[in-house]
Amino acid sequence: MQPEFAIVVVIAALFIGLSKGGLGGPVPVAMLTPLLSQVLPASQAVGIVLPLLIFADVIALRFYWQKWDWSLVRQMLPAAIIGVICGGILLLTLANSGQNLVLRRVIGVITLIVVIYKVGGGYLTKLEYQPRNWHSYLAGWASGFGSALANIGAPPFTTYMMLRKVAPVPFIGTATLLFAIVNALKLPITLLSSRVLDLHLLLSILWVVPLIPVGVLVGRWGVKRMNPVHFDRLMLVLLFILAMFMLVYDPGH
């Protein structure tokens, strides 16, 4: 195992834990695929993150058990399932045809959208909003699609929750349950191609799994002691840099 690969995998595991521990919201998870894409083909970067996310989901579900809003989950889940299928088909198509550069560019665009969303997200709470059923369907589909294609499904979900002005605890609880289901649904799709989820590669990184609970504990500690504004700004700068790498850098040259 190359040292740079080991370092990136360690950072990825810790970022998963930080996000599940409540520090930085969805941004640390949004960094995972672009980060791993610097040392792996983009399709494998998508696949290898998934089992780590599922492990983290189990931990997060314990912390937020029954703190979700089931009515919101029920509204969004059917469309999210369709989104997972659509995103999974596109991921497999690009991976099996060797279009990793195209996938890198797509992930770069999605990552840049996350940055733009985070910069302008504060305005969402100021908008006058009238909920419609199709809004939940659209948010669910986009969350499932982005999650299946690039492990970046949180922005549509978060936008919808902010517009609905959902309180913090059911907000996090609903996200925890919805994405735990979405991630579980993604697993059979990723197993269809070794170019997405290489089991030998996965086995080689299982040693980082204990770092995820460490990241969760650090995240829960940091929520109470760190300035969230400063942390968010740091994460956004890093996320923007990763997005630019995905959009302009070709690792094949």
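Guide: Happy to! Helix 9 gives the largest share of the lining of the largest cavity, three residues. This model is predicted, with local features needing pLDDT of at least 70 and side-chain atom pairs counting only at pLDDT 80 or more, while totals for chains, interfaces and linings use all residues. Residues are numbered from 1 along each chain as its sequence is written, and side-chain values use heavy atoms, leaving out hydrogens and water.

Helices are DSSP runs of H or I with at least four residues, numbered from the N terminus. A cavity is a set of points, on a 1 Å grid over the protein atoms alone, where a 1.4 Å probe fits but cannot get out; lining residues have an atom within 4 Å of a point.

Searching the whole structure turns up one cavity of 30 Å³ or more. The largest cavity holds about 40 Å³ of space, where volume is the space filled by probe spheres set on grid points joined across faces, edges and corners. Its lining consists of Val 46, Leu 50, Gly 88, Leu 91, Ala 148, Asn 151, Lys 186, Ile 189 and Thr 190. At least two lining residues come from each of helix 4, helix 5 (70-96) and helix 9 (168-190).

By type, the lining has five nonpolar residues, three polar and one charged. Here Ala, Val, Leu, Ile, Met, Phe, Trp, Tyr, Cys and Pro count as nonpolar, Asp, Glu, Lys and Arg as charged, and the others, Gly among them, as polar.

Helix 4 (residues 42-63) also contains Gln 44.

Note on methods
On a 1 Å grid over the protein atoms alone, a cavity is a set of points where a 1.4 Å probe fits but cannot get out, and a pocket is an open set with protein on both sides within 12 Å along at least five of seven lines; lining residues have an atom within 4 Å of a point.
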